Amino acid sequence: MLVAITRAVSPAIGRCELTHLARSPIDYGTADTQHREYERCLATLGCRVIRLPAEPDLPDSVFVEDAAVVLDEIAIVTLPGAASRRPEAPSIAAALAPHRPLAHIEPPATIDGGDVLRVDRTLFVGRSSRTASAGIGQLERIAGALGYTVRPVEVRDCLHLKSAATVVAPNTLLVDPDRVDTDAFGGLERIAIDRAEPQGANALRIGGAVVYPAALPRTRARLEQRGLRVVPVDVSELAKAEGGVTCCSLIFPSRA
Ligand code: CIR
């Protein structure tokens with residue numbers, strides 16, 4: 001059984017952090033409706049969804065992926081790179097505590113979960129505006145002791161590594177060659193996004209399905225041509241906050 005931790009959209013989402021997009025008004029009601037639909041999709045795909053209540057003072061708190069890295073053995077509570085997002089971590093730690101022993105990234109190092117791409121026992125970690133060497137070093141010490149290999153990856157023109165590369169099938173990544181040097185993933189099969197869809201590399205694999213933004217039909221077609229089952233979700237309002245489909249959940253096998 002998979003557990004999916006989510007958090008309701010904050011009514012303050014209009015004040016979210018933005019790095020690459022210009023600010024455009026975000027309709028809270030639409031964002032909330034889309035997010036509930038996303039949660040229903042996770043439930044349909046077999047996840048037990050644990051929904052945390054909205055945080056009225058934390059605009060980006062719906063993007064729970066950034067506050068933790070959940071491994072089989074432990075959960076690592078991060079210190080998000082944006083100062084406004086650091087208060088999101090304690091409530092995520094509390095939600096994870098019944099499921100995994102916790103480890104913590106300690107200041108001044110920072111790391112966003114969106115920069116950590118797990119492929120089996122390898123953690124690819126993006127060097128981004130949110131995640132720098134000190135954070136990667138701490139992750140390496142914690143996860144290395146459990147037998148994971150940590151491999152730093154350079155990213156450009158995007159917020160996180162998972163804006164540029166995500167897992168869509170066993171040993172197969174969906175990648176944006178304009179934002180990450182795909183040679184970093186030697187040994188893995190790579191499917192390139194359609195360049196007309198620059199936000200196209202963020203996909204969420206659950207079981208045999210790929211949850212994917214409905215607004216990106218060209219890359220979706222590429223995935224389907226490879227025989228993958230794509231489940232489209234409309235996350236257009238959350239995308240205005242630079243959020244994608246991986247960011248809105250922490251999904252991991254239940255140990256209960
Ligand atoms: C931020 O800038 O932190 C949020 N507005 C978006 C975070 C998206 N998270 C993710 O891709 N993992």
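This is a predicted model: local features need pLDDT of at least 70, side-chain atom pairs count only at pLDDT 80 or more; totals for chains, interfaces and linings use all residues.
**Entry 1: helix α1**

I checked the length of α1 next. The helix covers residues 28-44, which is 17 residues. At 1.5 Å a residue, it should span 24 Å. I looked up its end C-alpha atoms, and they are 24 Å apart, so expectation and model agree.

Then I asked which residues of α1 are buried. My list reads Ala-31, Asp-32, Gln-34, His-35, Tyr-38, Glu-39, Cys-41 and Leu-42. I marked Glu-39 for a second look.

Why does Glu-39 count as buried? Its relative accessibility is 8%, and the cut-off for buried is under 20%. I then searched for a charged partner. Side chains of opposite charge can pair when their charged atoms come close. Here the side chain of Glu-39 meets that of Arg-51 in a salt bridge, 2.9 Å from N to O. Arg-51 sits in strand β2 (residues 47-52) and Glu-39 in helix α1, so the pair ties together parts that are 12 residues apart in sequence. I also looked up the exposure of Arg-51. It counts as partly exposed because its relative accessibility is 32%.

**Entry 2: Arg-226 and Glu-189**

I moved along the chain to another salt bridge. Arg-226 pairs with Glu-189, and their closest N and O atoms are 2.6 Å apart. Arg-226 lies in the loop between α4 (217-225) and β14 (229-233), while Glu-189 lies in strand β11 (residues 189-192), so this bridge ties together parts 37 residues apart in sequence. Are these two residues buried or partly exposed? Arg-226 has 42% relative accessibility, so I noted it as partly exposed. Glu-189 has 43%, so it also counts as partly exposed.

**Entry 3: Asp-194 and Arg-222**

How far apart are the closest N and O atoms of Asp-194 and Arg-222? I read 4.0 Å for this salt bridge. The pair links distant parts of the chain, 28 residues apart. Asp-194 is in the loop between β11 and β12 (204-206), and Arg-222 is in helix α4. Asp-194 counts as buried because its relative accessibility is 14%. Arg-222, at 32%, counts as partly exposed.

**Entry 4: the network and the count**

Which residues do shared partners join into one network? I wrote down Asp-72, Glu-73, Arg-118 and Arg-121, joined by salt bridges. Last, I looked up the count for the model: 19 salt bridges.

Note on methods
Residues are numbered from 1 along each chain as its sequence is written. Side-chain values use heavy atoms; hydrogens and water are left out. Helices (H or I, at least four residues) and strands (E, at least two) are DSSP runs, numbered from the N terminus. The expected span of a helix is 1.5 Å times one less than its number of residues. Buried means under 20% relative accessible area, exposed over 50%, partly exposed in between (1.4 Å probe, protein chains only).
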